[in-house]
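Look at the whole fold before the details.

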Amino acid sequence: MTQMPETKARGAARHMRLVGAPLLAVMLMTAAMPAAAQGLFSPAITVDDRAITRFEIDQRAKLLSFFNTPGDLQTVARNQLVDDALRQAEMTRYNLSLTDEQYQAALNEFAGRANLTSTQLATTLREQGIDPAALRDYLRVNVLWRDYIRARFNTRVTITDADIDDYIARTTTASQGMQVLLSEAILPLIPGQEDQIRQIATQISQISSVQAFSDAARQYSVVPSREQGGQMDWVPLSNFPAGLQNLLRSLREGEVTSPLYVEGAVALLQLRGLREGPVSAPRIASIEYATLRVASTDEAARLQGRIAVCDDMYTYAQGESAASVVRQTLPPANVPTDIGVLLSSLNPGNSLITPAADGSATIVMLCARTPEAPATLTRDVASNMLRGERLESYGDGLIAQLRANAVIRGL
């Protein structure tokens with residue numbers, strides 16, 4: 001009998017379910033389906049006796065798009081699903097799976113990062129053609145794998161004081177002065193023309209030429225930078241939410257993000273350069289911003305010239321029942337991605353106007369960015385982060401070993 005690795009989950013494993021779908025079961029299911037459905041649900045890849053269908057690949061690709069994952073999403077989806085099948089087979093050897101309670105906790109945590117409930121997240125996924133089961137499968141495997149790797153390899157990881165010193169120095173250096181040079185295009189979702197605008201945004205996202213993107217920004221964008229072909233000055237990478245920072249780091253020069261949906265509009269960003277800045281860019285502890293909703297873009301343009309600071313918004317809102325001010329102070333990770341895109345290039349007191357589908361408009365103003373106090377990276381935090389890096393390395397090594405030993409067809 002194969003023994004369980006050193007883990008506190010040894011006892012709990014007796015209460016966990018076996019997970020898996022043998023290839024034979026999938027073949028029997030598809031036999032009774034129409035030809036079109038068989039094409040969608042027939043095996044596209046097999047990993048030993050585990051079948052991965054075209055439907056699973058399509059759903060994972062859509063989920064990756066929802067995550068704003070860069071690259072060829074079909075290829076990324078196929079590779080991820082192969083790795084997930086290997087992970088699942090490895091954990092099934094030890095009779096491991098998440099309980100419903102553990103899964104719900106993981107789902108709630110995941111949804112909370114987007115300021116949504118799990119129910120709201122499921123609704124959002126369905127609106128984009130994603131079966132919530134695709135997220136369920138993604139979370140169940142990856143959350144359990146994280147715990148499995150921690151339990152199996154944790155005793156092999158030793159963190160010394162010298163390791164912590166090196167990590168703190170490395171992290172501090174890596175975060176200093178990183179800047180990005182971007183071009184932007186923000187397209188309004190005009191009522192009745194939403195599908196056409198989305199198609200245009202998709203076409204722009206495939207542009208690799210700076211000149212072609214500038215031409216598109218001049219033609220379609222509605223923000224002031226359109227006059228410069230959407231081109232912005234160098235800005236600290238730390239101005240962006242954490243998710244966007246990772247996305248922008250992954251882009252090649254000339255590459256454009258997938259369409260990013262903001263209220264009433266679609267935003268696209270093209271990377272023109274990435275550099276280490278001349279001065280350190282402090283980490284941001286919180287971002288304060290305000291939004292003012294008004295009846296039309298013309299009204300927003302008239303007011304924008306009168307609003308110099310966020311407090312000025314309240315002066316206007318007191319006399320106009322149709323106007324509403326929302327002001328928030330949030331850690332960068334909690335700022336909604338759509339708002340984060342708009343705030344990234346602004347200095348305190350600067351604002352942008354975003355049109356809405358119903359003809360109204362919103363003024364978005366940056367009130368303040370508050371930097372973190374020095375020395376926020378404590379030795380305990382550094383030790384935990386370094387341990388996480390090394391455990392992830394063990395996990396990557398195990399996946400490589402499982403791939404080498406598996407029979408994979410169709411990849």
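Predicted model: local features only at pLDDT ≥ 70, side-chain atom pairs only at ≥ 80, totals over all residues.

Residues are numbered from 1 along each chain as its sequence is written, and side-chain values use heavy atoms, with hydrogens and water left out.

Start with the whole chain. It has 16 helices and 11 strands. Both are DSSP runs numbered from the N terminus (helices are H or I, at least four residues; strands are E, at least two). Of the 411 residues in the chain, 43% are buried. Buried means under 20% relative accessible area, exposed means over 50%, and partly exposed lies in between (1.4 Å probe, protein chains only). The chain exposes about 21400 Å², and carbon and sulfur atoms supply 52% of that area. Accessible areas come from the Shrake-Rupley method with a 1.4 Å probe; for residues, only the protein chains shown count as cover. Contact means heavy atoms within 4.5 Å. Among contacts between residues at least 6 apart in sequence, 72% join residues at least 24 apart.

Two strands pair if DSSP finds at least two bridges between them. Strand 3 (residues 178-188) and strand 6 (residues 265-276) run antiparallel and are joined by 11 bridges. P188 stands opposite A265 in strand 6.

Axes are lines fitted to C-alpha atoms, for helices over the stretch in contact, and angles run from 0 to 180 degrees between N-to-C directions.

Next comes strand 7 (residues 284-294). Of its 11 residues, 8 are buried, so strand 7 is largely enclosed by the rest of the structure. Strand 7 pairs with strand 10 (residues 361-371) in the antiparallel sense over 10 bridges. Y289 stands opposite L366 in strand 10. Strand 7 also pairs with strand 8 (residues 324-330), again antiparallel, over 7 bridges. Here I287 has L330 of strand 8 as its bridge partner.

Which helices cross at roughly 110 degrees? They are helix 6 (residues 100-112) and helix 8 (residues 132-153), whose axes come within 10 Å. The two are therefore roughly perpendicular to each other, a term for angles of 65 to 115 degrees. D100, Y103, A106, L107 and F110 in helix 6 meet L135, R136, L139, R140 and V143 in helix 8. By class, this contact has 7 nonpolar, no polar and 3 charged residues. Ala, Val, Leu, Ile, Met, Phe, Trp, Tyr, Cys and Pro count as nonpolar, Asp, Glu, Lys and Arg as charged, and the others, Gly among them, as polar.

Finish in the loops. D48 is found between strand 1 (43-47) and strand 2 (50-53). D48 is not a glycine, yet has a positive phi of about 55 degrees. At 42% relative accessibility, D48 counts as partly exposed. N95 lies in the loop between helix 5 (73-92) and helix 6. N95 is not a glycine either, and its phi is positive at about 65 degrees. N95 counts as partly exposed, at 29% relative accessibility.

Note on methods: Parallel < 35°, antiparallel > 145°, perpendicular 65-115°, else oblique.
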